[in-house]
Amino acid sequence: MRLLLLLIATVLVIGFALFSHIYSRSWDKNLAFGLSPLKKEIFEGEKDEIIETVTNPKLIPLLFGDVSFRAPSFFSFGGGKSSGKIYNVYQESSISLSSYEQLTRRLPFTALRRGCYTINDASIATDDLFFRHRYIRRFPAECSITVFPRIKGVENFPIDFYRLTGEIISRRSMIEDPFFFRGIRDWEPTDGIRHINWNATARTGSLKVNQYDSTNSQNVLLMLDFDGYNKFDHDELREDMIRIAAYLAGKLLKSGIPTGLITNALSAGGTMQVEVACKNGHRHYLNLLHQMASIDTGRLSGPFCELLSSFTGEHMDSQCILISYYGGKDLDRQVLRLSASQTGISWILLRDKSRRYNYQPQSQAYICEVEY
């Protein structure tokens with residue numbers, strides 16, 4: 001009897017060792033792993049899901065395994081808060097797959113901050129049956145998600161958005177279109193030289209100017225100035241600037257006003273400043289949101305005042321909405337210069353309510369004080 005038990009035990013040990021050897025060599029054969037978002041585009045603060053799929057299309061099962069992938073800390077899978085770093089959180093879970101089985105799991109999360117994110121660095125790890133060795137298989141799974149700036153709640157900022165957009169719409173109706181000639185009248189001191197009709201002036205002996213009908217084709221250019229006072233400026237100030245721009249872009253485009261964007265910030269991972277030409281339509285709105293999501297507020301192409309000082313030519317036919325949290329003398333001078341020209345400009349100036357500011361802009365500005 002003892003000999004029989006010893007023989008059975010020996011067979012079991014040899015069989016177990018043989019299976020452990022086969023398992024160690026073949027556990028990841030044809031093993032497939034995939035990640036995909038439920039929605040590729042969401043707004044900041046919204047919930048989404050990562051679809052995780054593991055497929056084992058072979059006879060040998062995956063008895064026990066640990067799945068992990070690297071995700072942005074701005075994605076809250078467990079209801080936590082952001083740590084302020086982009087890639088430092090590994091999502092880990094345990095799985096077990098029998099022969100020819102596919103496992104699909106939904107991992108809900110909340111997007112805490114706008115941005116363009118890629119979830120990657122995925123792997124599945126297991127041990128041999130004697131727990132002496134650890135085996136890891138990495139997968140080139142990549143899952144891209146774009147988080148648009150938050151729009152909800154922006155209308156509660158202490159800014160009269162209704163008045164701001166109303167002024168822009170009414171100002172558009174006052175713009176003359178040189179392609180719609182209406183007639184000739186006597187020159188007045190407020191008329192520019194470029195409107196003088198020299199043939200009519202020579203014929204009548206007195207200065208005459210051309211008259212044109214108004215047009216509704218003028219564009220609106222959103223200008224985001226990310227210049228700051230120092231490195232201790234609150235990051236939420238910059239984020240609120242982008243949120244306000246996204247909110248205004250939606251309002252203006254909904255009113256049929258072609259809207260564009262220009263900043264002195266670079267796109268994440270890029271070397272060019274973010275700039276979008278004025279266009280109309282829903283597809284253009286999505287493009288604007290994508291560009292706003294990609295803005296890296298910590299990397300600037302240069303001072304915004306330098307950009308404004310060369311603001312001529314193709315942009316001069318646009319009305320401008322400047323959004324900044326910096327309100328120094330140099331920027332104020334540029335705003336006054338544009339205000340005195342034919343370029344209409346509205347200035348939204350965000351300020352940290354807890355901070356003291358030494359300079360009060362001479363330009364007319366919508367000052368928005370926010371407590372951070």
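Me: How many bridges join S5 and strand S7?
Reply: S5 and S7 (residues 101-111) pair in the antiparallel sense over two bridges; strands pair if DSSP finds at least two bridges between them. Strands here are DSSP runs of E with at least two residues, and helices are runs of H or I with at least four, numbered from the N terminus. This is a predicted model, in which local features need pLDDT of at least 70, side-chain atom pairs count only at pLDDT 80 or more, and totals for chains, interfaces and linings use all residues. Residues are numbered from 1 along each chain as its sequence is written, and side-chain values use heavy atoms, with hydrogens and water left out.

Me: Which residue in S7 is the bridge partner of Ser76?
Reply: The partner of Ser76 is Thr110.

Me: What is the order of strands in the sheet?
Reply: The open sheet has four strands in the order S1-S3-S7-S5, with antiparallel pairing. Strands S1 (32-37) and S5 (75-76) are the edges, each pairing on one side only.

Me: Changing topic, how many disulfides are there?
Reply: The count is zero disulfides, a disulfide being a pair of cysteine sulfur atoms within 2.5 Å.

Me: Is Cys320 buried or exposed?
Reply: Cys320 counts as buried because its relative accessibility is 1%; buried means under 20% relative accessible area, exposed over 50% and partly exposed in between (1.4 Å probe, protein chains only). Cys305, at 11% relative accessibility, also counts as buried.
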